[in-house]
Amino acid sequence: MPDSAPSTEAPALAGAPEAAEIVPHREAAEAYITRICFKIGPPKLVGLELEWLVHDRRQPELPLTPARLAAALGPHSPPALRDPLTTPPATMPNGSAVTVEPGGQVELSTRPAASLAACLADAAADSRLLDARLAHAGLSTLGAGADPHRTPTRVLDVPRYASMEAYFDRRSPSGRTMMCSTAAVQPCLDAGQPAGADSFVDRWRILHDAGPALVGMFANSPVLASGRTGWKSSRQAAWLDIDPARTAPPETAADPREAYASYAMRAPLLCIRRDDGPWSAPPGVTFADWVAGAVDTSPTYDDLAYHLSTLFPPVRASGHFEVRYLDAQPGDGWIVPTAVAWALTATATARDRAAAAVEPTAGRWGDAARAGLDDPTLARAARELAEIALDGLADQPAPIVARVAEFAERYTTRGRCPADDWEYK
């Protein structure tokens with residue numbers, strides 16, 4: 001989701017343009033995108049962004065208010081909920097940042113960690129403290145991909161989200177659903193090396209190709225606004241129904257950097273930031289058009305960086321790779337998809353095996369969201385991915401391996417996903 005804190009860090013690039021500098025032409029913009037979106041180097045860091053739906057503990061259908069959320073989060077309350085001129089929000093004790101999504105979903109973004117185990121430990125400790133703080137205020141978190149209790153309603157009244165809502169409303173109501181009623185588990189992984197065993201190209205490719213099988217494996221949102229939708233992942237269904245120019249995967253290419261740059265330049269402007277007045281952008285004007293003079297102002301590199309934050313493909317290149325297609329999971333179930341995504345990318349052997357397993361399911365995003373593992377081909381691919389992940393996790397702490405094995409036994413090996421456990425009426 002937008003405005004989430006980055007989960008990996010990268011040093012400043014030598015010779016990089018200043019943020020306030022005008023983008024002179026399309027080639028300069030594309031060169032900038034390839035440099036900042038793919039920070040090439042040994043894959044060492046792991047991050048995690050966790051989103052939860054937030055409800056009143058006794059009456060989950062009640063609407064949230066910014067004031068109640070701000071009071072509950074206290075010193076961790078982000079600027080969107082309070083005066084941004086006051087002191088910056090405090091990070092959680094283990095370094096995680098707290099943000100709030102348009103519909104009041106709360107997000108925890110870990111600091112970059114040097115290992116999977118360290119990342120999961122930080123996330124677990126900070127999420128427990130966050131949950132306790134919300135519970136003290138009479139609120140509860142729900143780990144599900146879509147809100148089963150409330151209709152999509154925007155809580156945050158900020159220019160970015162007002163413009164986003166208006167932009168998506170031109171196409172369908174699914175934009176509001178995505179903004180206000182969905183939550184995800186988002187593992188963040190370093191891009192990787194130019195070539196060899198840690199190739200960023202291979203890591204990028206397997207995160208996309210394995211996506212449909214993983215969507216089906218972790219589907220956890222069959223109910224939205226008190227009704228069953230007919231989809232195992234109503235969250236993914238919403239994403240599939242909004243602006244493909246900024247939510248579909250970039251085209252497959254030998255060099256993902258070039259494909260991603262082209263994708264970003266072709267995406268229509270979601271908004272143009274202004275000091276006063278609405279942030280609306282002329283319909284259909286792309287960033288390439290803006291650079292070419294289609295708007296009465298000239299874009300800066302800061303505008304380009306902001307535009308990149310309004311792209312929501314299944315895997316977003318933000319220096320590191322943000323895996324954005326996994327439904328939020330109940331309790332601390334987020335451990336499993338995070339460990340699986342890490343394991344499938346960690347070695348060339350794992351990636352090669354995974355690529356073979358998912359060849360029949362690559363690109364089947366819609367089938368995975370609707371059927372989950374009821375689809376036998378997706379179920380077979382998911383079983384193989386679980387086996388590959390467990391092999392790749394063999395050297396990790398025993399509790400992590402046990403959680404993945406338990407999930408596989410309960411769900412994946414039986415052709416089931418978390419959505420199949422819902423008994424909501």
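This is a predicted model: local features need pLDDT of at least 70, side-chain atom pairs count only at pLDDT 80 or more; totals for chains, interfaces and linings use all residues.
Now, who does Arg176 pair up with? Its side chain meets the side chain of Asp169 in a salt bridge, at 2.7 Å from N to O. Asp169 is partly exposed too, with a relative accessible area of 31%.

Take Asp56 and Arg68, whose closest N and O atoms sit 2.9 Å apart. That pair links distant parts of the chain, with Asp56 in strand 1 and Arg68 in helix 2, 12 residues apart. Asp56 counts as buried at 11% relative accessibility, while Arg68, at 28%, counts as partly exposed.

Next up, Asp302 and Arg273, which meet in a salt bridge at 3.0 Å. Asp302 is in helix 12 and Arg273 is in the loop between helix 10 and helix 11, so the pair ties together parts that are 29 residues apart in sequence. Asp302 is partly exposed at 35%, and so is Arg273 at 28%.

Salt bridges with shared partners join Arg154, Asp157, Glu165, Asp169 and Arg176 into one network.

Last one: Arg160, over in helix 4. Its relative accessibility is 4%, so Arg160 counts as buried. And what does its side chain reach? The backbone oxygen of Ser309, at 3.1 Å.

How values were computed. Residues are numbered from 1 along each chain as its sequence is written. Side-chain values use heavy atoms; hydrogens and water are left out. Helices (H or I, at least four residues) and strands (E, at least two) are DSSP runs, numbered from the N terminus. Buried means under 20% relative accessible area, exposed over 50%, partly exposed in between (1.4 Å probe, protein chains only). A polar contact is a pair of N or O atoms within 3.5 Å; within protein, one must be able to donate a hydrogen and the other to accept it, and residues adjacent in sequence count only if both atoms are side-chain atoms. A salt bridge is a side-chain nitrogen of Lys or Arg within 4 Å of a carboxyl oxygen of Asp or Glu.
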